[in-house]
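Dear colleague,

I am handing over the structure below, together with a summary of what was found in it. Please read the notes with the structure open beside them.

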Amino acid sequence: MQILLTGGAGYIGSHVALQLIDSGHQVFIIDNLSTGNESLIPKQANFLKCNINNSEAIQSIIKQNNFDAVMHFAAFIKVEESINEPGKYFANNTENSKKFFDICKRNNLSNIIFSSTASIYGNNKKNFVSEGDKINSINPYAESKLKVEEYILKNKDKFNSIILRYFNVAG
């Protein structure tokens, strides 16, 4: 399979890219390197440094390849920064993601795996959290991710999607 992966220079994206390559998939990574590190990008992956809101570059990449799916990991992730600069998080995490998904859909790439966050549940005191639990985003980072989830679900007739809500992935 050919996978388009955003945020492949970050911790989660780079590890997913390595696993995909090890499993025999072709991976094309898009990352603007604003928070990622180019040294984390697997050598076997194709890489383009650009932002996910760059319509021309994204459209060109999609048209030149035959991607089976897109895995979207690109985002700002610092909770404290999101509290101090919420507009930055809503512009990047929410609006750029929606724009990116629209570009994908216009170019017949509708299989999406979206990296969200379990922080949309807030400070839940339960030992186990399930999808049906109450949503209680308590910071702009979580809210920015939740708004993308809502966009995907609102457009479920346009996308085949999987939304991942994980807690800390390491440590």
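Ser-82 belongs to helix α3, which covers residues 79-84. Please bear in mind throughout that this is a predicted model. Is Ser-82 buried or exposed? Its relative accessibility is 0%, and the limit for a buried residue is under 20%, so Ser-82 counts as buried. The side chain of Ser-82 makes a polar contact with the backbone oxygen of Val-79 at 2.6 Å, and another with the backbone nitrogen of Tyr-141 at 3.1 Å. Setting aside residues up to four places away in sequence, Ser-82 touches Tyr-89, Asn-139, Pro-140 and Tyr-141.

Ser-14 sits in helix α1, residues 11-22. With a relative accessibility of 3%, Ser-14 also falls under the 20% limit and therefore counts as buried. Beyond residues up to four places away in sequence, the contacts of Ser-14 are Gly-7, Gly-8, Leu-40 and Pro-42.

The model contains an open sheet of 6 strands in the order β3-β2-β1-β4-β5-β6, and the pairing is parallel. At the edges are β3 (46-49) and β6 (160-164), each of which pairs on one side only. From one strand to the next, the twist averages 15°. Helix α1 packs on this sheet and touches β1, β2 and β4 (69-72), with a direction at about 170° to that of β1. Helix α2 (residues 55-64) packs on the sheet as well, where it touches β1, β2 and β3, and its direction makes about 175° with that of β2.

How many bridges join β1 to β2? There are 5 between strand β1 (residues 2-6) and strand β2 (residues 26-31), and the two run parallel. One of the residues concerned is Gln-2, whose bridge partner in β2 is Gln-26.

The aromatic residues form the next topic. The count comes to 6 aromatic pairs. One of them is formed by Tyr-151 and Phe-159, a tilted pair with 6.4 Å from centre to centre and 50° between the planes. Both Tyr-151 and Phe-159 are buried. These two residues also belong to a cluster linked by ring pairs, together with Phe-100, Phe-101 and Phe-114. Elsewhere, a charge sits over a ring: Lys-88 lies over the face of Phe-76, at 4.7 Å from the ring centre.

Lys-126 lies between β5 (111-115) and α5 (140-154), and Glu-131 is placed in the loop between β5 and α5.

Lys-126 and Ser-97 are 29 residues apart in sequence, and their C-alpha atoms are 31 Å apart. For Glu-131 and Lys-63, which are 68 residues apart along the chain, the C-alpha atoms are separated by 35 Å.

With kind regards

Terms used. Residues are numbered from 1 along each chain as its sequence is written. This is a predicted model: local features need pLDDT of at least 70, side-chain atom pairs count only at pLDDT 80 or more; totals for chains, interfaces and linings use all residues. Side-chain values use heavy atoms; hydrogens and water are left out. Rings of Phe, Tyr and Trp (its six-membered ring) pair if their centres lie within 6.5 Å; planes under 30 degrees apart count as stacked, over 60 as edge-to-face and the rest as tilted. Buried means under 20% relative accessible area, exposed over 50%, partly exposed in between (1.4 Å probe, protein chains only). A charge sits over a ring if NZ of Lys or CZ of Arg is within 6 Å of the ring centre and within 35 degrees of the ring normal. Helices (H or I, at least four residues) and strands (E, at least two) are DSSP runs, numbered from the N terminus. Contact means heavy atoms within 4.5 Å. A polar contact is a pair of N or O atoms within 3.5 Å; within protein, one must be able to donate a hydrogen and the other to accept it, and residues adjacent in sequence count only if both atoms are side-chain atoms. Two strands pair if DSSP finds at least two bridges between them. Axes are lines fitted to C-alpha atoms, for helices over the stretch in contact, and angles run from 0 to 180 degrees between N-to-C directions.
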